[in-house]
Amino acid sequence: MRFKNKVVVVTGAGSGIGRAIALAFAKEGASVVIASHHSDGKKVEQEIVKAGGKALFVQADVSGSASVRSMVDGVIKKFKRVDFLVNNAGILLHGDAVSTSEADWNRVLDVNLKGMFLCAKYVVPCMKSGAIVNISSEWGLSGGRDVLAYCASKGGVVNLTRAMALDYARKGIRVNAVCPGLINTKMLTGFFSKKELREIGQMVPMRRIGEPEEIARVILFLCSDDASYVTGAVLSVDGGDMAGTY
Ligand code: NAP
């Protein structure tokens, strides 16, 4: 039980990678705040409580300052503290510079980048020490075709992470980023058929796409004392995708 008596806030925890992170923290004894927008956050809360863990579902839109503030108020009311923040909520919209509408650009940047800023803005004052993990992407480290706003937002997350690591190092809060490769969640399955996903998986050096639990385990490591000297790091978890050309 690495996280007994600790409280973690996981955004976008109603599905995919966020859900896997929430379940993994609960298994390790943490009280888990499932901050979710439309997805089944309540179901994840029930799943954790049924297994004997502690969880709180809070409906929140990370792109809205009032919504984030009220989420943090709810967390403090219930658990009195926050030890870890996992900024995981994100959206992917397609388009290049010409085809991306201004509204889509704003939406992607608001959720993927401003959302992390807002969550940190209201959560950090509640933290005595601990860790923050921001979920970027391999498209935060290299470009992707027809995903312009997403690439811009995830590139921003990488340097937001480094700046936050410097700002909070002396407060004892470590801040790191994880850059997942292709992970088996509705973000991918919404765009590709099973056959296409198998074919895409074959292009990864490890010849498969990843599972949400493989990201969750790395995030728990980054929040644990095993990573006590790790801050400002940007860690690829992508089956070798970013290792080079092959
Ligand atoms: P997902 O299942 O679609 O999860 C994204 C989560 O973010 C959803 O639960 C979604 O909730 C939530 N969300 C979206 N807008 C929100 C908002 N305004 N406020 C609060 N929550 C919001 O996809 P995923 O793959 O697990 O994505 C998790 C993170 O990993 C994202 O940041 C994504 O960019 C990143 N990532 C994923 C991959 C991949 O291959 N899957 C690769 C690299 C990076 P609702 O459904 O309720 O809106």
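## Helix packing and selected residues

Helix α1 and helix α2 cross in a right-handed sense. The description concerns a predicted model.

The angle between α1 and α2 is about 20°, and their axes lie 10 Å apart. Because angles under 35 degrees count as roughly parallel, α1 is roughly parallel to α2. On the α1 side, the contact is formed by R19, A22, L23 and A26, which meet V44, E47 and I48 of α2. By class, the residues of this contact are five nonpolar and two charged, with no polar residue.

How far apart should the ends of α1 be? Helix α1 comprises the twelve residues 16-27, and at 1.5 Å a residue these should span 16 Å. The end C-alpha atoms of α1 are 17 Å apart, which agrees with that expectation.

Which residues of α1 are buried? They are I17, G18, A20, I21, A22, A24, F25 and A26. Several elements take part in covering the buried residues of α1. Among the strands that do so are β1 (7-11), β2 (31-36), β4 (84-87) and β6 (173-180). The helices α2 (41-50) and α8 (212-223) also contribute to this cover. Just after α1, G29 adopts a positive phi of about 95°.

### Two further helix pairs

Two packed helices are described by the angle between their axes and the distance between the axes.

| Helix pair | Angle between axes | Distance between axes |
|---|---|---|
| α1 and α2 | about 20° | 10 Å |
| α4 and α5 | about 15° | 8 Å |
| α3 and α4 | roughly 40° | within 9 Å |

With an angle of about 15°, α4 and α5 are roughly parallel to each other. Their crossing is right-handed. From α4 (residues 102-123), the residues W105, V108, L109, N112, L113, M116 and A120 take part in the contact. Their partners in α5 are L148, A149, Y150, A152, S153, K154, G156, V157, L160 and M164. The contact of α4 with α5 contains 13 nonpolar, three polar and one charged residues.

Helix α3 (residues 65-79) also packs against α4, at an angle of roughly 40°. S65, V68, R69, M71 and V72 of α3 meet L118, C119, Y122 and V123 of α4. This contact of α3 with α4 has seven nonpolar, one polar and one charged residues.

### A glycine within α4

G115 is located in helix α4. Is G115 buried or exposed? With a relative accessible area of 2%, G115 is buried, because buried means under 20%. Apart from its neighbours within four places in sequence, G115 is in contact with V62, N87 and D110. G115 and V32 are 83 residues apart along the chain, and their C-alpha atoms are separated by 19 Å.

### Residues outside the helices

N5 is placed in the segment before β1. Its phi is near 65°, a positive value in a residue other than glycine. The relative accessible area of N5 is 57%, so N5 is exposed.

D146 occupies the loop between β5 (130-135) and α5 (148-168). Although D146 is not a glycine, its phi is positive, at about 65°. D146 has a relative accessible area of 40% and is therefore partly exposed.

Where is Y229 found? Y229 belongs to the loop between α8 and β7 (234-237). Its relative accessibility is 83%, so Y229 counts as exposed, the cut-off being over 50%. Y229 and R174 are 55 residues apart along the chain, while their C-alpha atoms are separated by 8.3 Å.

How values were computed:
Residues numbered from 1 in each chain as written. Predicted model: local features only at pLDDT ≥ 70, side-chain atom pairs only at ≥ 80, totals over all residues. Heavy atoms only, no water. Helix = DSSP H or I, 4+ residues; strand = E, 2+ residues; numbered from the N terminus. Expected span 1.5 Å × (residues − 1). Buried < 20%, exposed > 50% of the residue type's maximum accessible area, 1.4 Å probe, protein only. Contact = heavy atoms within 4.5 Å. Axes fitted to C-alpha atoms, helices over the stretch in contact; angles between N-to-C directions. Parallel < 35°, antiparallel > 145°, perpendicular 65-115°, else oblique. Left-handed = near helix turned anticlockwise from the far one by under 90°. Nonpolar A, V, L, I, M, F, W, Y, C, P; charged D, E, K, R; others polar.
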